[in-house]
Amino acid sequence: HATLGVLGGGQLGRMFVHAAQALGYRCVVLDPDESSPAGAVAHDHVRADYLDAQALEDLARRCDAITTEFENVPARALEQLARTRVVAPGAAAVAVCQDRAREKAHFDASGVPCAPYAVLRGTADLAAVPDTLLPGILKTARLGYDGKGQRRVADRAQLTAAFDELGRVDCVLEQMLPLALELSVLVARGADGQVQTYPVQQNLHRDGILAVTEVPAPQVDAAMQAQARQSAAAIAAGLGYVGVLCVEFFVLKDGRLVVNEMAPRPHNSGHYTMDACDVSQFEMQVRAMAGLPLREPRLHSPVVMLNLLGDLWFDADGRERAPDWAGVLAIPGAELHLYGKTEARHGRKMGHLNVIGASADEARDNARRACALLGLPATW
Ligand code: ATP
Ligand code: MG
Ligand code: MG
């Protein structure tokens, strides 16, 4: 039996484990928590800190290749593992994705336009910020997700206040861009340099968290889809990336395509691949790290993915309730994925629902029926 290791025990790790097991691999999950979504389904769950050198050594000994499922895995852990084992993605590529300043420099180097920006490493840098970057969004360089660690700033006074509020840590200030819509692209790259991209995803966020993904992207023409896929491939190649990478883009009101950020792993917006593509993003991650062929992924059905946040488990008065899964599962093309988390909290990712159809209209109509049953907004 070949064995694959995963750093991190969240839902992305869980779905990776499922895909790896379907291909006959054993999986070992390293995660400090007592119980975790991925640890619960893996062959073994090692409970240790990500920087526990002994635990990492044991993991390397037991696994043929190792990956990570969360963005902020310490680069040092990946470096230690890479001394004796295949680690995909590698520490250097992950480190670029973990730091918005380095990430933006990589976009520039790849020739892919991003929002005009400035790097702020201390209060002294505030004065040098050009007026053209305001109004803007101040983002911590590290550790932000789901819109956390960000402040919208209209002028210099707000910028200074926001920089203080964020703790004067290294930040990137981006010009606020007029967005028409948001996209993302999954790209998979093998150690031998072969690259595959998935069809473009059109994403809708609510309160900074992904809410709906639609594929094919309804408002994006073929030329822009090709441009997004080529840009994502160039970004991955320039990193020497191995594994699945997700690149987020904005389409601006004037029609320009601009890269936003990237995540060094399978991505929430890529969950549609589980039911709408012949190779899911998790299987692709397995293939990339195990040196298997990265066949061109095919979208076999139009799909709408609905994120299922913990909010669904509460009624308007804040009382806990059980969502109507039986009703949802009666809808044609509705594929439910729950992550096995026992405690529902507002904003917590509990699962997702892929609704596939013979046509985009059918997928959308049935997704709206699911929204009505679950109490989700049916407009996107
Ligand atoms: P994720 O959970 O996707 O990792 P994040 O916290 O890393 O999110 P970003 O993707 O950088 O944050 O930004 C969150 C959202 O804020 C974007 O999806 C977009 O809607 C909006 N946004 C970010 N940057 C800009 C910008 N420069 N101009 C306009 N809107 C922006
Ligand atoms: Mg992010
Ligand atoms: Mg984002």
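Let me start with Pro-216, which sits in the loop between β13 and α7 (222–239), and which is joined to Val-215 by a cis peptide bond with omega at about -5°. This is a predicted model, so please take every value that follows as computed from predicted coordinates. Leu-143, in the loop between β7 and β8 (150–153), has a positive phi of about 70° although it is not a glycine. Asp-207, found in the loop between β12 (201–206) and β13, likewise is a residue other than glycine with a positive phi, here near 50°. Leu-143 counts as exposed because it has 12 C-beta neighbours inside 10 Å, and Asp-207 counts as exposed because it has 11.

Now back to Val-215, and from there into the strands. Val-215 stands opposite Val-303 in β16, and β13 (residues 209–215) pairs with β16 in the antiparallel sense over four bridges. β16 also pairs with β18 (residues 349–356), again in the antiparallel sense, over seven bridges, and in that pairing Val-303 stands opposite Ile-356.

How many of the residues of β16 are buried? Seven of the seven residues, 303–309, are buried, so the strand is largely enclosed by the rest of the structure. In a regular strand the side chains alternate between the two faces of the sheet. In β16, Val-303, Met-305, Asn-307 and Leu-309 point one way, whereas Val-304, Leu-306 and Leu-308 point the other way, and all of them are buried.

Another sheet deserves a description. Five strands form an open sheet in the order β3-β2-β1-β4-β5, with parallel pairing, and its edge strands, each pairing on one side only, are β3 (44–46) and β5 (86–87). At the β5 end, β4 and β5 pair in the parallel sense over two bridges, with Ala-65 standing opposite Val-86 in β5.

Let me step back to the whole protein, which has 11 helices and 18 strands. Its C-alpha atoms fill a box of roughly 55 × 50 × 45 Å along the principal axes. The radius of gyration is 21 Å, which agrees with the value near 21 Å that a compact globule of 380 residues would have. Of those 380 residues, 44% count as buried, and among contacts between residues at least 6 apart in sequence, 62% join residues at least 24 apart. To give one distance across the model, the C-alpha atoms of Arg-256 and Ala-55, which are 201 residues apart along the chain, are separated by 47 Å. Arg-256 lies in the loop between β14 (243–252) and β15, and it counts as exposed because it has 12 C-beta neighbours inside 10 Å.

The domain assignment gives domain 1 (3–87), domain 2 (116–175) and domain 3 (179–374). The centres of domain 1 and domain 3, taken over C-alpha atoms, are separated by 23 Å, and the contact takes 19 residues from domain 1 and 16 residues from domain 3. Which elements give two or more residues to the side of domain 1 that touches domain 3? They are α1 (11–22) and β4 (65–68), and of these α1 gives the most, with eight residues. By class, that side of domain 1 has 12 nonpolar, four polar and three charged residues.

I will finish with ligand 1. Of the 18 residues around ligand 1, those that come nearest are Ala-115, Tyr-145, Asp-146, Glu-174 and Leu-177. The elements that give two or more residues to this shell are β7 (136–140), β10 (179–189) and β15 (257–263). As for the domains, the shell draws at least three residues from each of domain 2 (116–175) and domain 3 (179–374). By class, the residues around ligand 1 divide into six nonpolar, five polar and seven charged.

Note on methods
Residues are numbered from 1 along each chain as its sequence is written. Chains are lettered from A and ligands numbered from 1 in the order in which they are written. This is a predicted model: local features need pLDDT of at least 70, side-chain atom pairs count only at pLDDT 80 or more; totals for chains, interfaces and linings use all residues. A residue is near a molecule or strand if its C-beta atom, placed from the backbone, lies within 6 Å of it. Ala, Val, Leu, Ile, Met, Phe, Trp, Tyr, Cys and Pro count as nonpolar, Asp, Glu, Lys and Arg as charged, and the others, Gly among them, as polar. Domain bounds come from an automatic or database domain assignment. The radius of gyration is taken over C-alpha atoms; the globule rule is 2.2 Å times the number of residues to the power 0.38. A residue is buried if 20 or more other C-beta atoms lie within 10 Å of its own, exposed if 12 or fewer, and partly exposed in between; C-beta atoms are placed from the backbone. Two residues are in contact if their C-beta atoms, placed from the backbone, lie within 7 Å. Two strands pair if DSSP finds at least two bridges between them.
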